[in-house]
Amino acid sequence: MPTVTTAARLHFGFQNLSLAHERLYGGVGLALDEPRLTVEATRAETVQCDDPATEPYVRRVVDALDVPGAAVTVEERFPRHVGLGSGTQLSLATLIAVVRAYDRTADARTYAPQLGRGGRSGVGVAAFESGGFIVDGGHPTERFTAEPPAEGDWDVPPVLAHHHVPAHWRFVIVVPDTDPGQSGAAEDQSMRQAVERADPGIADEISTLLTRRLLPAIATRDHDDFGQAAARLGRLNGAWYADEQGGVYRPPAGALVESLASAPVISGAGQSSWGPTVWGLTTADYESEARDAGVLALDAADVDGTVRVVAPRNTGASLTE
(Lines give C-alpha, C1' and ligand atoms only; values in the text may rest on other atoms or scores of the structure.)
Protein backbone atom coordinates (compact mmCIF):
# COMPACT_ATOMS: atom_id res chain seq x y z
CA MET A 1 0.00 0.00 0.00
CA PRO A 2 1.59 3.34 -1.02
CA THR A 3 2.16 5.59 1.98
CA VAL A 4 3.25 9.22 1.70
CA THR A 5 4.58 11.16 4.68
CA THR A 6 5.15 14.90 4.66
CA ALA A 7 5.10 17.67 7.25
CA ALA A 8 4.28 21.28 7.99
CA ARG A 9 5.88 24.44 6.67
CA LEU A 10 6.33 27.98 7.94
CA HIS A 11 5.41 30.88 5.69
CA PHE A 12 7.28 34.03 6.68
CA GLY A 13 5.57 36.23 4.09
CA PHE A 14 5.58 37.52 0.52
CA GLN A 15 8.08 39.69 -1.31
CA ASN A 16 5.52 41.91 -2.99
CA LEU A 17 1.78 42.58 -2.94
CA SER A 18 1.83 45.82 -4.92
CA LEU A 19 0.50 45.99 -8.47
CA ALA A 20 3.18 48.60 -9.17
CA HIS A 21 5.88 45.93 -9.43
CA GLU A 22 6.47 43.34 -12.15
CA ARG A 23 6.12 40.22 -9.98
CA LEU A 24 3.34 39.61 -7.48
CA TYR A 25 3.56 37.51 -4.30
CA GLY A 26 6.87 35.57 -4.14
CA GLY A 27 6.68 33.40 -1.03
CA VAL A 28 9.40 32.95 1.57
CA GLY A 29 9.33 30.04 4.01
CA LEU A 30 10.78 26.73 5.10
CA ALA A 31 9.85 23.11 5.78
CA LEU A 32 9.49 21.66 9.27
CA ASP A 33 10.04 18.07 10.36
CA GLU A 34 6.86 18.13 12.48
CA PRO A 35 3.90 18.05 12.75
CA ARG A 36 3.53 15.33 10.13
CA LEU A 37 0.90 14.08 7.75
CA THR A 38 0.68 10.49 6.50
CA VAL A 39 -1.62 9.34 3.71
CA GLU A 40 -2.25 5.78 2.49
CA ALA A 41 -4.13 4.86 -0.69
CA THR A 42 -5.33 1.83 -2.59
CA ARG A 43 -7.26 1.43 -5.82
CA ALA A 44 -11.05 1.50 -5.63
CA GLU A 45 -14.03 1.86 -7.94
CA THR A 46 -15.30 4.90 -6.02
CA VAL A 47 -13.92 7.52 -3.64
CA GLN A 48 -13.68 6.00 -0.19
CA CYS A 49 -12.49 8.15 2.70
CA ASP A 50 -13.55 8.00 6.34
CA ASP A 51 -12.60 11.64 6.95
CA PRO A 52 -15.13 14.20 5.63
CA ALA A 53 -12.46 16.92 5.64
CA THR A 54 -10.15 14.84 3.45
CA GLU A 55 -12.74 13.52 0.99
CA PRO A 56 -12.86 16.69 -1.20
CA TYR A 57 -9.10 16.46 -1.68
CA VAL A 58 -9.41 12.83 -2.75
CA ARG A 59 -12.15 13.66 -5.25
CA ARG A 60 -10.03 16.36 -6.83
CA VAL A 61 -7.09 13.99 -7.14
CA VAL A 62 -9.24 11.27 -8.72
CA ASP A 63 -10.65 13.77 -11.21
CA ALA A 64 -7.21 15.17 -12.06
CA LEU A 65 -5.77 11.70 -12.65
CA ASP A 66 -8.89 10.45 -14.46
CA VAL A 67 -9.03 7.22 -12.42
CA PRO A 68 -12.23 5.53 -11.19
CA GLY A 69 -11.61 6.04 -7.49
CA ALA A 70 -9.37 5.49 -4.49
CA ALA A 71 -9.59 4.38 -0.88
CA VAL A 72 -7.62 6.88 1.17
CA THR A 73 -6.75 6.89 4.86
CA VAL A 74 -5.02 9.71 6.71
CA GLU A 75 -3.06 8.03 9.48
CA GLU A 76 -1.36 11.12 10.86
CA ARG A 77 -2.32 14.75 10.42
CA PHE A 78 -1.92 18.27 11.75
CA PRO A 79 -4.47 21.06 12.25
CA ARG A 80 -6.04 22.73 9.22
CA HIS A 81 -6.07 26.50 8.62
CA VAL A 82 -3.62 27.42 11.38
CA GLY A 83 -0.78 28.68 9.17
CA LEU A 84 1.16 25.42 8.77
CA GLY A 85 0.19 24.61 5.18
CA SER A 86 -1.92 21.51 5.78
CA GLY A 87 -4.04 21.91 2.62
CA THR A 88 -1.16 21.78 0.16
CA GLN A 89 0.56 18.92 1.97
CA LEU A 90 -2.65 16.89 2.14
CA SER A 91 -3.44 17.52 -1.52
CA LEU A 92 -0.01 16.54 -2.78
CA ALA A 93 0.40 13.58 -0.42
CA THR A 94 -2.97 12.25 -1.60
CA LEU A 95 -1.95 12.79 -5.21
CA ILE A 96 1.27 10.80 -4.94
CA ALA A 97 -0.33 8.02 -2.87
CA VAL A 98 -3.13 7.54 -5.40
CA VAL A 99 -0.73 7.77 -8.35
CA ARG A 100 1.41 4.99 -6.93
CA ALA A 101 -1.64 2.90 -6.11
CA TYR A 102 -2.27 2.87 -9.85
CA ASP A 103 1.39 2.12 -10.63
CA ARG A 104 1.79 5.45 -12.34
CA THR A 105 4.12 8.40 -11.90
CA ALA A 106 3.26 12.07 -11.61
CA ASP A 107 5.02 15.31 -10.84
CA ALA A 108 3.50 17.12 -7.86
CA ARG A 109 4.40 20.55 -9.27
CA THR A 110 2.68 19.81 -12.58
CA TYR A 111 -0.57 18.65 -10.96
CA ALA A 112 -0.66 21.23 -8.14
CA PRO A 113 -2.64 23.87 -10.13
CA GLN A 114 -5.36 21.32 -10.94
CA LEU A 115 -5.63 20.71 -7.21
CA GLY A 116 -5.90 24.44 -6.47
CA ARG A 117 -2.36 24.69 -5.09
CA GLY A 118 0.46 27.11 -5.92
CA GLY A 119 -1.93 29.88 -6.89
CA ARG A 120 -0.09 32.43 -4.79
CA SER A 121 2.81 30.98 -2.87
CA GLY A 122 4.98 28.18 -4.19
CA VAL A 123 6.55 27.48 -0.79
CA GLY A 124 4.23 24.59 0.09
CA VAL A 125 4.81 22.79 -3.21
CA ALA A 126 8.58 23.28 -3.03
CA ALA A 127 8.61 22.12 0.61
CA PHE A 128 6.81 18.94 -0.44
CA GLU A 129 9.35 18.43 -3.23
CA SER A 130 12.61 19.05 -1.40
CA GLY A 131 12.17 20.64 2.04
CA GLY A 132 14.60 23.33 3.17
CA PHE A 133 14.41 27.13 3.01
CA ILE A 134 12.61 28.39 -0.08
CA VAL A 135 12.20 31.68 -1.93
CA ASP A 136 9.88 31.54 -4.92
CA GLY A 137 9.63 33.90 -7.88
CA GLY A 138 5.96 34.81 -7.65
CA HIS A 139 3.74 35.44 -10.66
CA PRO A 140 3.68 38.05 -13.42
CA THR A 141 1.59 40.95 -12.17
CA GLU A 142 -0.16 41.27 -15.53
CA ARG A 143 -1.77 37.85 -15.02
CA PHE A 144 -2.49 37.93 -11.32
CA THR A 145 -3.51 41.52 -10.56
CA ALA A 146 -5.92 41.81 -7.61
CA GLU A 147 -8.11 39.01 -8.99
CA PRO A 148 -6.16 35.77 -9.61
CA PRO A 149 -6.69 33.72 -12.77
CA ALA A 150 -9.31 31.00 -12.82
CA GLU A 151 -8.39 28.08 -10.62
CA GLY A 152 -5.80 25.89 -12.26
CA ASP A 153 -4.88 28.48 -14.87
CA TRP A 154 -1.41 29.11 -13.50
CA ASP A 155 2.01 27.57 -13.07
CA VAL A 156 3.48 27.01 -9.63
CA PRO A 157 6.01 29.81 -9.03
CA PRO A 158 9.62 28.91 -9.78
CA VAL A 159 12.08 28.37 -6.94
CA LEU A 160 14.59 31.23 -6.93
CA ALA A 161 16.58 30.13 -3.91
CA HIS A 162 16.77 26.89 -1.98
CA HIS A 163 19.02 26.24 1.01
CA HIS A 164 19.39 23.50 3.58
CA VAL A 165 18.48 24.74 7.04
CA PRO A 166 21.14 23.91 9.67
CA ALA A 167 20.14 20.69 11.41
CA HIS A 168 20.74 22.10 14.91
CA TRP A 169 18.25 24.96 14.42
CA ARG A 170 14.93 24.50 16.18
CA PHE A 171 11.59 26.25 15.78
CA VAL A 172 9.21 26.83 18.66
CA ILE A 173 5.72 26.38 17.23
CA VAL A 174 2.94 27.93 19.32
CA VAL A 175 -0.63 27.26 18.18
CA PRO A 176 -3.22 29.10 20.30
CA ASP A 177 -6.72 27.67 20.70
CA THR A 178 -8.45 30.39 18.70
CA ASP A 179 -10.47 30.57 15.50
CA PRO A 180 -8.61 29.16 12.50
CA GLY A 181 -6.86 31.45 10.03
CA GLN A 182 -8.38 32.54 6.77
CA SER A 183 -8.88 30.17 3.86
CA GLY A 184 -11.02 29.75 0.77
CA ALA A 185 -13.27 32.63 -0.30
CA ALA A 186 -12.52 34.68 2.82
CA GLU A 187 -8.80 34.47 2.16
CA ASP A 188 -9.30 35.40 -1.49
CA GLN A 189 -11.28 38.48 -0.48
CA SER A 190 -8.70 39.57 2.10
CA MET A 191 -5.83 39.07 -0.34
CA ARG A 192 -7.63 41.02 -3.03
CA GLN A 193 -8.19 43.96 -0.69
CA ALA A 194 -4.59 43.86 0.54
CA VAL A 195 -3.24 43.83 -3.02
CA GLU A 196 -5.46 46.72 -4.07
CA ARG A 197 -4.10 48.89 -1.23
CA ALA A 198 -0.52 47.59 -0.98
CA ASP A 199 2.23 50.18 -0.52
CA PRO A 200 4.93 49.45 -3.15
CA GLY A 201 7.57 50.93 -0.85
CA ILE A 202 7.20 47.97 1.52
CA ALA A 203 8.18 45.63 -1.32
CA ASP A 204 11.31 47.70 -1.92
CA GLU A 205 12.29 47.34 1.73
CA ILE A 206 11.62 43.60 1.64
CA SER A 207 13.81 43.24 -1.44
CA THR A 208 16.71 44.82 0.42
CA LEU A 209 16.01 42.73 3.52
CA LEU A 210 15.93 39.53 1.49
CA THR A 211 19.12 40.09 -0.49
CA ARG A 212 21.22 41.80 2.17
CA ARG A 213 20.18 39.93 5.31
CA LEU A 214 17.94 36.88 4.99
CA LEU A 215 19.65 35.09 2.11
CA PRO A 216 23.17 35.81 3.40
CA ALA A 217 22.11 34.61 6.86
CA ILE A 218 20.87 31.23 5.62
CA ALA A 219 23.88 30.85 3.32
CA THR A 220 26.33 31.54 6.16
CA ARG A 221 24.23 29.72 8.79
CA ASP A 222 23.92 32.88 10.87
CA HIS A 223 21.20 31.82 13.29
CA ASP A 224 20.64 35.15 15.02
CA ASP A 225 20.50 37.28 11.89
CA PHE A 226 18.25 34.81 10.09
CA GLY A 227 15.71 34.87 12.91
CA GLN A 228 15.71 38.65 13.16
CA ALA A 229 15.45 39.08 9.38
CA ALA A 230 12.60 36.57 9.08
CA ALA A 231 10.79 38.36 11.90
CA ARG A 232 11.25 41.69 10.11
CA LEU A 233 9.86 40.20 6.91
CA GLY A 234 6.76 39.14 8.83
CA ARG A 235 6.26 42.57 10.35
CA LEU A 236 6.52 44.23 6.94
CA ASN A 237 3.95 41.81 5.55
CA GLY A 238 1.75 42.61 8.52
CA ALA A 239 1.67 46.25 7.44
CA TRP A 240 0.03 45.11 4.19
CA TYR A 241 -2.48 42.92 6.05
CA ALA A 242 -3.24 45.16 9.02
CA ASP A 243 -6.75 46.12 7.90
CA GLU A 244 -7.61 42.50 7.08
CA GLN A 245 -6.34 40.80 10.23
CA GLY A 246 -6.80 43.48 12.87
CA GLY A 247 -3.18 44.59 13.21
CA VAL A 248 0.33 43.72 12.15
CA TYR A 249 -0.42 40.26 13.55
CA ARG A 250 -3.74 38.50 13.87
CA PRO A 251 -4.83 38.56 17.54
CA PRO A 252 -3.67 36.96 19.76
CA ALA A 253 -0.53 36.38 17.65
CA GLY A 254 0.84 39.84 18.44
CA ALA A 255 0.96 39.17 22.18
CA LEU A 256 2.51 35.75 21.57
CA VAL A 257 5.17 37.16 19.24
CA GLU A 258 6.07 39.93 21.69
CA SER A 259 6.43 37.54 24.60
CA LEU A 260 8.30 34.87 22.63
CA ALA A 261 10.71 37.36 21.06
CA SER A 262 11.65 38.71 24.50
CA ALA A 263 12.99 35.34 25.66
CA PRO A 264 16.84 35.27 25.71
CA VAL A 265 16.97 31.90 23.90
CA ILE A 266 14.80 33.08 20.99
CA SER A 267 16.29 34.82 17.93
CA GLY A 268 13.32 36.29 16.13
CA ALA A 269 9.62 35.42 16.26
CA GLY A 270 6.68 35.93 13.97
CA GLN A 271 3.35 34.73 12.61
CA SER A 272 3.16 32.00 10.00
CA SER A 273 0.88 32.86 7.07
CA TRP A 274 -2.55 34.05 8.34
CA GLY A 275 -1.86 32.49 11.72
CA PRO A 276 -2.78 31.91 14.42
CA THR A 277 0.46 29.87 14.59
CA VAL A 278 3.48 31.77 15.91
CA TRP A 279 7.10 30.66 15.48
CA GLY A 280 10.33 31.44 17.28
CA LEU A 281 13.86 30.42 16.31
CA THR A 282 16.27 28.76 18.76
CA THR A 283 18.83 25.92 18.68
CA ALA A 284 18.95 22.33 19.89
CA ASP A 285 20.97 23.45 22.92
CA TYR A 286 18.01 25.42 24.25
CA GLU A 287 15.01 23.23 23.42
CA SER A 288 13.74 23.02 27.00
CA GLU A 289 14.08 26.75 27.64
CA ALA A 290 12.46 27.56 24.30
CA ARG A 291 9.50 25.30 25.06
CA ASP A 292 9.09 27.05 28.41
CA ALA A 293 9.13 30.40 26.60
CA GLY A 294 6.28 29.20 24.37
CA VAL A 295 4.22 28.14 27.39
CA LEU A 296 4.89 31.48 29.08
CA ALA A 297 3.79 33.28 25.91
CA LEU A 298 0.43 31.49 25.99
CA ASP A 299 0.06 32.33 29.68
CA ALA A 300 0.90 35.98 29.06
CA ALA A 301 -1.70 36.15 26.28
CA ASP A 302 -4.22 34.34 28.53
CA VAL A 303 -5.01 31.69 25.92
CA ASP A 304 -4.73 27.93 25.82
CA GLY A 305 -2.78 26.22 23.08
CA THR A 306 -0.03 23.81 22.17
CA VAL A 307 3.74 24.28 22.11
CA ARG A 308 6.30 22.10 20.38
CA VAL A 309 9.93 22.54 19.43
CA VAL A 310 10.73 21.01 16.06
CA ALA A 311 13.66 20.57 13.71
CA PRO A 312 13.75 21.78 10.10
CA ARG A 313 13.21 19.29 7.26
CA ASN A 314 15.71 19.28 4.43
CA THR A 315 14.15 16.54 2.34
CA GLY A 316 10.87 16.29 0.50
CA ALA A 317 7.95 13.99 1.21
CA SER A 318 8.77 10.30 1.62
CA LEU A 319 7.07 7.41 -0.18
CA THR A 320 6.97 3.81 0.98
CA GLU A 321 5.24 0.95 -0.80
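Glu 55 is partly exposed, at 25% relative accessibility. This is a predicted model. Glu 55 forms a salt bridge with Arg 59. The closest N and O atoms of Glu 55 and Arg 59 are 2.9 Å apart. Arg 59 also counts as partly exposed, at 41% relative accessibility.

Both residues belong to helix α1, which spans residues 55-65. They sit four residues apart, so about one helical turn separates them. An α-helix has 3.6 residues a turn, so residues three or four places apart point the same way.

## Salt bridges between elements

The structure holds ten salt bridges. One of them joins Arg 43 to Asp 103, with 3.1 Å between the closest N and O atoms. Arg 43 lies in strand β2, and Asp 103 lies in the loop between α2 (86-101) and α3 (108-111), so the pair ties together parts 60 residues apart in sequence. Arg 43 is partly exposed, with a relative accessible area of 48%. Asp 103 is exposed, at 57%.

Asp 225 forms a salt bridge with Arg 213. Here the closest N and O atoms are 2.7 Å apart. Asp 225 is in helix α8 (residues 223-245) and Arg 213 is in helix α7, twelve residues away. Asp 225 is partly exposed at 25% relative accessibility. Arg 213 is partly exposed at 30%.

## Helix α4 and its cover

Helix α4 runs from residue 123 to 130 and is mostly covered. Six of its eight residues are buried. These are Val 123, Gly 124, Val 125, Ala 126, Ala 127 and Phe 128. The cover over the buried residues of α4 includes strands β1, β2, β5 (133-136) and β7 (159-163), together with helices α2 and α3. Just after α4, Gly 131 takes a positive phi of about 65 degrees.

Ala 93 lies in helix α2. Ala 93 is buried, at 0% relative accessibility. Beyond its neighbours within four places in sequence, Ala 93 contacts Val 4, Thr 6, Leu 37, Val 39 and Phe 128. Phe 128 is among the buried residues of α4. Ala 93 and Thr 5 are 88 residues apart in sequence, yet their C-alpha atoms are 7.0 Å apart.

Gly 294 is found in helix α10 (residues 287-301). Gly 294 is buried too, with a relative accessible area of 0%. Setting aside neighbours within four places in sequence, Gly 294 is in contact with Val 172, Val 174, Leu 260 and Val 307. Val 174 is 120 residues from Gly 294 along the chain, but 6.2 Å separates their C-alpha atoms.

## The second largest pocket

The second largest pocket holds about 180 Å³ of space. Its lining has 13 residues. Gln 15, Asn 16, Arg 23, Tyr 25 and Ser 207 lie nearest the centre of this pocket. By type, the lining divides into three nonpolar, seven polar and three charged residues.

Strands β1 (3-16) and β2 (23-43) each supply at least two lining residues, as does helix α7 (200-219).

## Backbone geometry to check

Two peptide bonds into proline are cis. The bond from Glu 34 to Pro 35 has omega near -5 degrees. Pro 35 lies in strand β2. The bond from Pro 251 to Pro 252 has omega near 5 degrees. Pro 252 is in the loop between α8 and α9 (253-261).

Positive phi angles also occur outside glycine. Asp 66 has a phi of about 55 degrees. Asp 66 is found in the loop between α1 and β4 (70-76), and is exposed at 68% relative accessible area. His 81 has a positive phi of about 60 degrees. His 81 lies in the loop between β4 and α2, and is partly exposed at 29%.

## Domain annotation

An unreviewed UniProt entry places the feature "domain: GHMP kinase N-terminal" at residues 58-132. Over residues 58-132 the chain is 48% helix and 9% strand. The end C-alpha atoms of this stretch are 27 Å apart.

Terms used. Residues are numbered from 1 along each chain as its sequence is written. This is a predicted model: local features need pLDDT of at least 70, side-chain atom pairs count only at pLDDT 80 or more; totals for chains, interfaces and linings use all residues. Side-chain values use heavy atoms; hydrogens and water are left out. On a 1 Å grid over the protein atoms alone, a cavity is a set of points where a 1.4 Å probe fits but cannot get out, and a pocket is an open set with protein on both sides within 12 Å along at least five of seven lines; lining residues have an atom within 4 Å of a point. Grid points are joined across faces, edges and corners, and a volume is the space filled by probe spheres set on the points. Ala, Val, Leu, Ile, Met, Phe, Trp, Tyr, Cys and Pro count as nonpolar, Asp, Glu, Lys and Arg as charged, and the others, Gly among them, as polar. UniProt positions are given in the numbering used here, feature names are shortened, and annotations may be inferred rather than shown by experiment. A salt bridge is a side-chain nitrogen of Lys or Arg within 4 Å of a carboxyl oxygen of Asp or Glu. Buried means under 20% relative accessible area, exposed over 50%, partly exposed in between (1.4 Å probe, protein chains only). Contact means heavy atoms within 4.5 Å.
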